[in-house]
Amino acid sequence: MRVIRKYANRRLYDTEQSRYVTLEDLRGLILEEVPFRVEDAKSGEDLTRTILLSIIIEQEQAGGESEVFSNDLLEQLIRVYAMSQPLPLARYLEQGTRLMMEQQQRMQDQWQQAMRHSPMELMRELAEENMRFWQQTINQGQQRKDDEE
């Protein structure tokens, strides 16, 4: 597992690549599914969760269509923390998010497969099939002609 050290000056250092990294660099590792652990350079305390939350905050503040958490949802999450017996929300969210991402991947795969059979692709496949048919027909006719001679 890749180790990222966080120094007092708030800089993050990738020990595997021997260079300073940004939250955007760590986001890239996440998207590439590269496991890493962020630890305090002095104490060794695990800071991964805090850094992951920082990445989410940065994504949310970027605005646009990348916002995932509405104000209502954030308020509800804060209320969950205040409950005397909090809901097992983490497990539910993990499973729900995993299911949603799997379904999204399936839809993308199906879309790509459908696009592979676009009208132009279909015409190309038909043209190739017709060409093979006529080549076989001509070859068979030539074979018969040669056999007759």
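This is a predicted model: local features need pLDDT of at least 70, side-chain atom pairs count only at pLDDT 80 or more; totals for chains, interfaces and linings use all residues.
How many bridges join strand S2 to S3, and which way do the two run? Three of them, linking residues 12-14 of S2 to S3, and the two strands run antiparallel.

Zooming out, S2 and S3 belong to an open sheet of four strands, ordered S3-S2-S1-S4, with mixed pairing. S3 and S4 sit at the edges, each pairing on one side only. On average, neighbouring strands here are turned by 35° against each other, ignoring direction.

Here are the elements around this part of the model:

| Element | Residues |
|---|---|
| Strand S1 | 2-6 |
| Strand S2 | 12-14 |
| Strand S3 | 19-21 |
| Strand S4 | 36-40 |
| Helix H1 | 23-31 |
| Helix H2 | 48-61 |

Now for helix H2. H2 lies across S1, S2 and S4, and runs at about 110° to S4. Its 14 residues reach 20 Å from the first C-alpha to the last, close to the 20 Å expected at 1.5 Å a residue. Which residues of H2 are buried? They are Thr48, Ile51, Ile55 and Glu60. An α-helix has 3.6 residues a turn, so residues three or four places apart point the same way. The cover over the buried residues of H2 includes S1, S2, S4 and helix H1. Just after H2, glycine 63 takes a positive phi of about 75°.

As for the whole protein, the domain assignment gives domain 1 (2-112) and domain 2 (118-144). Their C-alpha centres lie 54 Å apart.

Key
Residues are numbered from 1 along each chain as its sequence is written. Side-chain values use heavy atoms; hydrogens and water are left out. Domain bounds come from an automatic or database domain assignment. Two strands pair if DSSP finds at least two bridges between them. Axes are lines fitted to C-alpha atoms, for helices over the stretch in contact, and angles run from 0 to 180 degrees between N-to-C directions. Contact means heavy atoms within 4.5 Å. The expected span of a helix is 1.5 Å times one less than its number of residues. Buried means under 20% relative accessible area, exposed over 50%, partly exposed in between (1.4 Å probe, protein chains only).
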